[in-house]
Amino acid sequence: MPRGNASQSKVHYHGKDEDFVIMVDDVKSVQAWKEDRSIPLAQVVSGFKIFVTHKHGAQNAYDAASKQTLENEFGTHNEDECMIKILEGGTLQETEVGYERFEVTEKY
């Protein structure tokens with residue numbers, strides 16, 4: 001989690017039954033990956049963890065996505081394949097985190 005005045009980037013994917021979130025290093029790395037798929041996912045995502053929001057949007061508490069939840073939504077429980085689908089179809093968001101403010105900016 002960023003400390004002080006820092007930004008946190010994530011991709012929010014609105015699925016059929018759940019909303020999914022993955023943390024990414026920054027907006028530029030996601031955009032670069034979308035243009036050049038030879039860039040390893042390890043240089044794009046911040047930890048290989050997929051979260052669910054229980055249909056409460058990208059700003060609420062997250063729980064780890066179960067293999068069954070991933071299978072139901074994406075047809076596979078392979079986290080790399082699910083992350084690719086989330087990166088391709090999700091909304092990139094950058095959040096400014098500070099001691100006295102909290103802003104969300106949707107990138108696209």
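E88 is partly exposed, with a relative accessible area of 45%. The model described here is predicted. In this model, E88 belongs to helix 3 and takes part both in the contact with helix 1 and in a salt bridge with R37.

**The salt bridge**

- A search of the whole structure finds one salt bridge.
- This salt bridge joins R37 and E88, whose closest N and O atoms are 2.9 Å apart.
- The two partners are 51 residues apart and link distant parts of the chain: R37 lies in the loop between helix 1 and strand 3 (51–52), and E88 lies in helix 3.
- R37 has a relative accessibility of 45% and therefore counts as partly exposed.

**Helix 1 against helix 3**

- The axes of helix 1 (residues 27–35) and helix 3 (residues 79–89) come within 11 Å of each other and cross at roughly 100 degrees.
- Because angles of 65 to 115 degrees count as roughly perpendicular, the two helices are described as roughly perpendicular to each other.
- On the side of helix 1, the residues in contact are V30, W33 and K34; on the side of helix 3, they are I84, L87 and E88.
- By class, this contact comprises four nonpolar, no polar and two charged residues.

- T76 is found in the loop between helix 2 (67–74) and helix 3.
- T76 counts as buried because its relative accessibility is 14%, and the cut-off for buried is under 20%.
- A polar atom of the T76 side chain lies 3.1 Å from the backbone nitrogen of N78.
- Leaving aside residues up to four places away in sequence, T76 touches L70, E71, E81 and C82.

Note on methods: Residues numbered from 1 in each chain as written. Predicted model: local features only at pLDDT ≥ 70, side-chain atom pairs only at ≥ 80, totals over all residues. Heavy atoms only, no water. Axes fitted to C-alpha atoms, helices over the stretch in contact; angles between N-to-C directions. Helix = DSSP H or I, 4+ residues; strand = E, 2+ residues; numbered from the N terminus. Parallel < 35°, antiparallel > 145°, perpendicular 65-115°, else oblique. Contact = heavy atoms within 4.5 Å. Nonpolar A, V, L, I, M, F, W, Y, C, P; charged D, E, K, R; others polar. Buried < 20%, exposed > 50% of the residue type's maximum accessible area, 1.4 Å probe, protein only. Polar contact = N/O pair within 3.5 Å; in protein donor to acceptor, adjacent residues only side chain to side chain. Salt bridge = Lys/Arg side-chain N within 4 Å of Asp/Glu carboxyl O.
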